[in-house]
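Dear colleague,

Please open it first and keep it beside you as you read.

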Amino acid sequence: MQEFEDYPFWDLIAEMAYKPGNETLRKGTYDKFKSLETGKTIYMFGCNDACGLFIERFASTYSIAGILDNSEARWGSKFCGLPVWKPSEVLPELQREDAVIIIALRLQADTAANQLQQMGLRNCYGLGVLLSGMSPYREMVEQMERIRRQPVEDIVMLESTNDFDGNAGALYEYLKRGGSGHKFVWVIKNPANRKFLLDGKDVAVCPRAGRAEMEKYITYRAAAKWQIWDNYPIRKVRKEQTNVFLQHFGMGYKLIAGRYKSPEYIDYVLVVNESVYAYEKEALQYPATAKVLFGELPRNDVLFSDQWDELSKITKHKYHKVIMWAPTLRESAMFHRIDSDLEYPYGISLLYSEGDVRKLNDFLAERDMLLLIKIHPRQKCNYTDNQYSNMRYLDSEAVKKVHAYKLLTQVDAMITDYSSMVFDYMLLDRPIAWVLEDMEHYKVPFLMENPLDFMPGNHIYTMAELLDFLGQVSRGEDPCRSQRNTLSQQYNAPKEGNGCRNIARTLGLE
């Protein structure tokens, strides 16, 4: 959804960027800035929305020369009409007495300040600290500090990738089904998803929707005893709180170190087993103080029941075979993230023309097969999603009409690429194929030296190979079953269906 106008500034306050660890940033108050830096040349640090908003609001007040950024892809470009530099490239200018640097980062302001200080640059300010001295942000900071001095309340705060889904969503359903008396507060991304609350006593707040919602979020978060999240961190703001990272995947393919770092305030992190932990601990950079919980993902509990009928919400026709194509994220709708240098006119690789799509649809129709294309919930809608007779798109809105993991139990085979969802699907012991024709264009490095060794199934590079796999599925063939099950046992928790129960008991929620 579209964020409200001042969201980037409020997000800095919500993330407590006004309380940096770096001493220089802590002392760089708004009052000091006003008294000492008037008339000086400002260099922003970090190409992000907060930086853009500062430029928009203050370009007529201050002389802003440009932006410093550590991303090589940004160097030499422009952001909000201003040049972007590698910090060392303009070191002589930064060393001038009239140069001031404002760091606009939410989570890495201390790291940036330390980097600049190692370069001999000390005239630095944190944008979060500056904002905390301005109204209305100052008043919100004062209110949050008052709440933090009060006892924590019996509130469970939850977040998931697509609201009410994933591991946090499964845990919520489990606890409500068991008659839990806790108050639940969901942090959601789409206000329309409030309808998925299971109890009128529960609350859903959408910080991106407006200032009032953001203030409610900050207030509840300061009071909640438990903060349980899958994807976008709920920041721990006091030591009495229990912060739990359930993750939105088990085993994965992507080496995201450098793109993502687990917050230092995590108390517990869920990992399916020690084999996965050996890979993920470096990729996700778990804090040394976090306690690792080994076990099943709560969202996978539903995979071990045959009672679901989500497919009837999509079609009334009883197809011979149903296949799900689950591509990974390639361009984020939220965070200016682009993971491939190709364009995907139909939302998936391999299909680049109407002729390709019609050929595939005809093949499916001849064999009475249905292909469900489950788009990543955070994928930018930059593709054509025409509905064909034997192909259905499930985007972030459409997939809310069904339970994605219950639907998996009715899917006869999966096609994917670099999505971690495939490791969950392996628990169902059904055929899988990997479409890899754009592998050279995918920008995110892989977690393992040879990712193909972690893809026990058909490797697809051409339309002919795709149709060959679909033909195998139609005929009931599964030539890679043994290798797939071996890998699944190595990188999944034992199949018991007790992920929700185990987490709830460990955290003292039941």
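What follows is a description of some of the strands and of how they pair.

Please bear in mind that this is a predicted model. I will begin with strand 11, which covers residues 242–245 and has both of its faces covered. On one side of strand 11 lie T242 and V244, on the other lie N243 and F245, and all of these residues are buried.

Strand 11 also has pairing partners to look at. With strand 10, made of residues 224–229, strand 11 pairs in the parallel sense over four bridges, and here Q227 stands opposite N243 of strand 11. With strand 12, made of residues 268–271, the pairing of strand 11 is again parallel and runs over two bridges, where Y268 of strand 12 is the bridge partner of V244.

Further along there is an open sheet of six strands, which come in the order 16-15-14-17-18-19 with parallel pairing. Its edges are strand 16 (391–394) and strand 19 (458–460), each of which pairs on one side only. If the direction is ignored, neighbouring strands of this sheet are turned against each other by 20° on average.

Within this sheet, strand 14 (residues 321–326) pairs with strand 17 (residues 413–416) in the parallel sense over four bridges, and the bridge partner of I323 in strand 17 is A413. Helix 12, residues 354–366, packs on the sheet and touches strand 14, strand 15 (369–374) and strand 16, while the direction of helix 12 makes about 115° with that of strand 16.

Technical notes: Residues are numbered from 1 along each chain as its sequence is written. This is a predicted model: local features need pLDDT of at least 70, side-chain atom pairs count only at pLDDT 80 or more; totals for chains, interfaces and linings use all residues. Side-chain values use heavy atoms; hydrogens and water are left out. Buried means under 20% relative accessible area, exposed over 50%, partly exposed in between (1.4 Å probe, protein chains only). Two strands pair if DSSP finds at least two bridges between them. Axes are lines fitted to C-alpha atoms, for helices over the stretch in contact, and angles run from 0 to 180 degrees between N-to-C directions. Contact means heavy atoms within 4.5 Å.
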